[in-house]
Amino acid sequence: MTLELPSPIAAYVAANARLDVDGMLAPFAAEAVLRDNGAILRGAAEIRSLLEEAVVGAKAIFTPDTVRHEDGQVVVEGPGHGDFKGSPIRFTYRFTLEDDAIKALEITA
């Protein structure tokens, strides 16, 4: 089953499958905010740091299996697997899109 994901989210997911930091970062707006595990990261430099350490460093790949629209956000859920404790873990990604870019992303497990 192929999910119908908005283009910036599809680009992020595809780049994540390749562990491609530049590709994962490309769909984010310049002033994007990412909330992950209690941390709040703002802008490309901070988000890049997280992607390099927590995603590429742990070979963490998110494989979405559900998508829904809720309160102005695109909510994508699925397992994440990689070299991290508890793998695989089911994650929820809440994307806020604006002008065909990711304005905000909140990741919860």
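Trainee: What is the relative accessible area of Pro 79?
Mentor: Buried means under 20% relative accessible area, exposed over 50%, and partly exposed in between (1.4 Å probe, protein chains only). Pro 79 counts as partly exposed, because its value is 30%.

Trainee: Which pLDDT do local features need?
Mentor: Residues are numbered from 1 along each chain as its sequence is written, and side-chain values use heavy atoms, without hydrogens and water. This is a predicted model: totals for chains, interfaces and linings use all residues, side-chain atom pairs count only at pLDDT 80 or more, and local features need at least 70.

Trainee: Where does Pro 79 sit?
Mentor: Helices (H or I, at least four residues) and strands (E, at least two) are DSSP runs, numbered from the N terminus. Residues 73-81 form the strand that holds Pro 79: β5.

Trainee: Which residues does Pro 79 contact, beyond four places in sequence?
Mentor: Contact means heavy atoms within 4.5 Å. Neighbours within four places are left aside, and the contacts of Pro 79 are then Ile 61, Phe 62, Thr 63, Asp 65, Ile 89 and Arg 90.

Trainee: How many aromatic pairs does the whole structure have?
Mentor: Rings of Phe, Tyr and Trp (its six-membered ring) pair if their centres lie within 6.5 Å; planes under 30 degrees apart count as stacked, over 60 as edge-to-face, the rest as tilted. The search finds seven.

Trainee: How far apart in sequence are the parts that Tyr 12 and Tyr 93 tie together?
Mentor: The two rings form a tilted pair, 6.3 Å centre to centre with 55° between the planes. Tyr 12 lies in helix α1 (residues 7-17) and Tyr 93 in strand β6 (residues 89-98), so the pair joins parts separated by 81 residues.

Trainee: What kind of pair do Phe 84 and Phe 91 form?
Mentor: Phe 84 is partly exposed at 21%, whereas Phe 91 is buried at 17%. Their ring centres are 6.4 Å apart and their planes meet at 65°, so the pair is edge-to-face.

Trainee: Within what arc do the buried residues of α3 fall?
Mentor: Those residues are Gly 43, Ile 47, Leu 50, Leu 51 and Val 55. An α-helix has 3.6 residues a turn, so residues three or four places apart point the same way. The arc is taken from the directions from the helix axis to the C-beta atoms. Seen down the axis, the buried residues of α3 line one face, because their arc is 105°.

Trainee: Which residues are exposed on the other side of α3?
Mentor: The buried residues pack against α1, α2, β1 and β2. On the other side, the exposed residues are Ala 45 and Glu 53.
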